[in-house]
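Have the chain open in your viewer.

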Amino acid sequence: NYLDNKQLTLRGNLTNLKNYDLSNLPGAISEVKTIASFAKGKFLFGDFATERNFKRHAPKFSVIHLALHGFTDEKNHNYSKLIFNPDQRDSVEDNILYAYEVYNMPLQTEMVVLSACETGKGMLLEGEGVFSMARAFMASGASSVIQTLWSVDDLSSAKIMSSFYAGISNVLPKDEALQQAKRNYLQHPIPRKQHPFYWSAYVINGNYQQIVIQRPGTTFNLYIGLIVLFALISLMTLFYWYRKY
């Protein structure tokens, strides 16, 4: 998602977004388009990838994948954030999803993938653990969260996530699918890209079990399957009556 630094400011007494790197993420678009080839669902790109649309649609789905900019607030974990595309017509949302907002979202998702920088990073409180964006999604009802431990490379993330969903679509458990995706990435032809910085930031929290994702065209294929089944039953019935009489 691309944001003009001049278009958005944080509300209240928070720092202006010009202090953050909001450069273009070509890998994120490629990443989501590839995932769309594996899974049936609703995919929001460009001007449609707004905070308002996310909040409206997220509670309806069992898998949520976010590929965008993410930032950790080292002073106040409630203000760790994910940056959505601006919507000049929206006077309610500022297109910055804060951790405190996620805590209040009623999610019943099997898996949330936070393909953004530092989503597993946050304040470490003794006796409590790390307060991160990923933790906020777990608290809101997600069974498992794929998170990042540091700033990740856009294009490398696209390769890893595409491979991860290929494993998920082959009904691998989530942890094995992520492990396999990292192994596949290590075949990168550029040696320096094989450094752990590029592939080891992604980790999983929560339920590791496999999930079933609906493939594109599933309804159509099921419909064709039912027609074929009905035709076979009809032929068998006709054959039975033919032999009988």
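Leu149, Trp150 and Phe197 make a nonpolar surface patch of about 250 Å². Patch residues have over 30% relative accessible area and no salt bridge, and nonpolar side chains (Val, Leu, Ile, Met, Phe, Trp, Tyr) are joined within 5 Å. A salt bridge puts a side-chain nitrogen of Lys or Arg within 4 Å of a carboxyl oxygen of Asp or Glu. Areas come from the Shrake-Rupley method with a 1.4 Å probe, and for residues only the protein chains shown count as cover.

This is a predicted model: local features need pLDDT of at least 70, side-chain atom pairs count only at pLDDT 80 or more, and totals for chains, interfaces and linings use all residues. Residues are numbered from 1 along each chain as its sequence is written, and side-chain values use heavy atoms, without hydrogens or water.

Start with Leu149. It sits in the loop between β8 (144-148) and α5 (154-169). Helices (H or I, at least four residues) and strands (E, at least two) are DSSP runs, numbered from the N terminus. Leu149 is partly exposed, at 36% relative accessible area. Buried means under 20%, exposed over 50%, partly exposed in between.

Ser157 is buried, at 4%. Beyond neighbours within four places in sequence, Ser157 contacts (heavy atoms within 4.5 Å) Glu31, Ser115, Val152 and Tyr202.

Next comes α6, residues 174-185. Its buried residues are Lys174, Ala177, Leu178, Ala181, Lys182 and Tyr185. They cover an arc of only 135° around the axis, so they lie on the same side of α6. The arc is taken from the directions from the helix axis to the C-beta atoms. The buried residues of α6 pack against β5 (111-115), β8, α5, α7 (196-199) and β9 (202-206).

Technical notes. Patch = residues over 30% accessible without salt bridge, like charges linked within 9 Å, V, L, I, M, F, W, Y side chains within 5 Å. Buried < 20%, exposed > 50% of the residue type's maximum accessible area, 1.4 Å probe, protein only. Expected span 1.5 Å × (residues − 1).
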